[in-house]
Amino acid sequence: MLTGSELLAKVKELGDVGKSDIVRACGYVSGKKDGGDRLNFTAFYEALLEAKGVDLGGSSKMGKGGRKLSYVATVQGNGNLLIGKAYTALLDLKPGDDFEIKLGRKQIRLIPAGATDEDEE
């Protein structure tokens, strides 16, 4: 996906082609379950506005659906503690990432495997 000046240059270069063609040419396409392509117009327009210097306030910590993250987790009925995708995405965590669990008096700390506790301050 093109961003910044590359995105602006590509849009200018394409000129009078259709909106769908511009979005596709700039790389804002993802795959659907049925094998077709989904054009990501919203991501394209957000990147275009950002490239033009318009701040939409997207730098605040927002989760899915535009809700602000509360940074509070609740223990579920089965005893599990769910962190949530919005938080793992903020930290760029991938499936299979390992953590050491440190229990404090009133806190739980997750330390990435191989890191020291001091590294994560």
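A residue is called buried if its relative accessible area is under 20%, exposed if that area is over 50%, and partly exposed in between, as judged with a 1.4 Å probe and with protein chains only. By this rule, 11% of the 121 residues of the chain count as buried. The structure is a predicted model, in which local features need pLDDT of at least 70 and side-chain atom pairs count only at pLDDT 80 or more, while totals for chains, interfaces and linings use all residues. Residues are numbered from 1 along each chain as its sequence is written, and side-chain values use heavy atoms, with hydrogens and water left out.

The chain has 4 helices and 4 strands, where helices (H or I, at least four residues) and strands (E, at least two) are DSSP runs numbered from the N terminus. Following the sequence, one reads the pattern α-α-β-β-α-α-β-β. Contact means that heavy atoms lie within 4.5 Å, and among contacts between residues at least 6 apart in sequence, 18% join residues at least 24 apart.

We turn next to the interior. A nonpolar core is a set of buried Ala, Val, Leu, Ile, Met, Phe, Trp, Tyr and Cys residues joined through side-chain atoms within 4.5 Å. The largest such core has 9 residues, namely Leu7, Ile22, Val23, Cys26, Tyr28, Leu39, Phe44, Ala47 and Leu48. Helix 2 (19-25) and helix 3 each supply at least two residues of this core, and helix 3 gives the most, with 3 residues. Val23, a member of the core, is in contact with Tyr28, Val29, Leu39, Asn40, Phe41 and Phe44, once its neighbours within four places in sequence are left aside.

Aromatic rings form another part of the picture. Rings of Phe, Tyr and Trp (its six-membered ring) pair if their centres lie within 6.5 Å, and planes under 30 degrees apart count as stacked, over 60 as edge-to-face and the rest as tilted. The count comes to 4 aromatic pairs. In one of them, the rings of Phe44 and Tyr45 have centres 5.3 Å apart and planes at 65 degrees, so this pair is edge-to-face. Phe44 is buried because its relative accessibility is 4%, whereas Tyr45, at 35%, counts as partly exposed. The rings of Tyr71 and Tyr87 are also edge-to-face, because their centres are 5.4 Å apart and their planes stand at 70 degrees. Since Tyr71 lies in the loop between helix 3 (41-51) and helix 4 while Tyr87 lies in helix 4, this pair ties together parts that are 16 residues apart in sequence. Tyr87 is buried, with a relative accessible area of 18%. Ring pairs also link Tyr28, Phe41, Phe44 and Tyr45 into a cluster.

Tyr71 has a further feature, a positive phi of about 60 degrees, although it is not a glycine. Most residues other than glycine have a negative phi.

Finally, there is the largest pocket. On a 1 Å grid over the protein atoms alone, a pocket is an open set of points where a 1.4 Å probe fits, with protein on both sides within 12 Å along at least five of seven lines, and lining residues have an atom within 4 Å of a point. About 760 Å³ of space lies in the largest pocket, and of the 19 residues that line this pocket, the closest to its centre are Ile83, Tyr87, Thr88, Leu91 and Leu110. Helix 4 (85-90), strand 3 (99-103) and strand 4 (108-112) are the elements that give two or more residues to the lining, and strand 4 gives the most, with 4 residues.

Note on methods:
Grid points are joined across faces, edges and corners, and a volume is the space filled by probe spheres set on the points.
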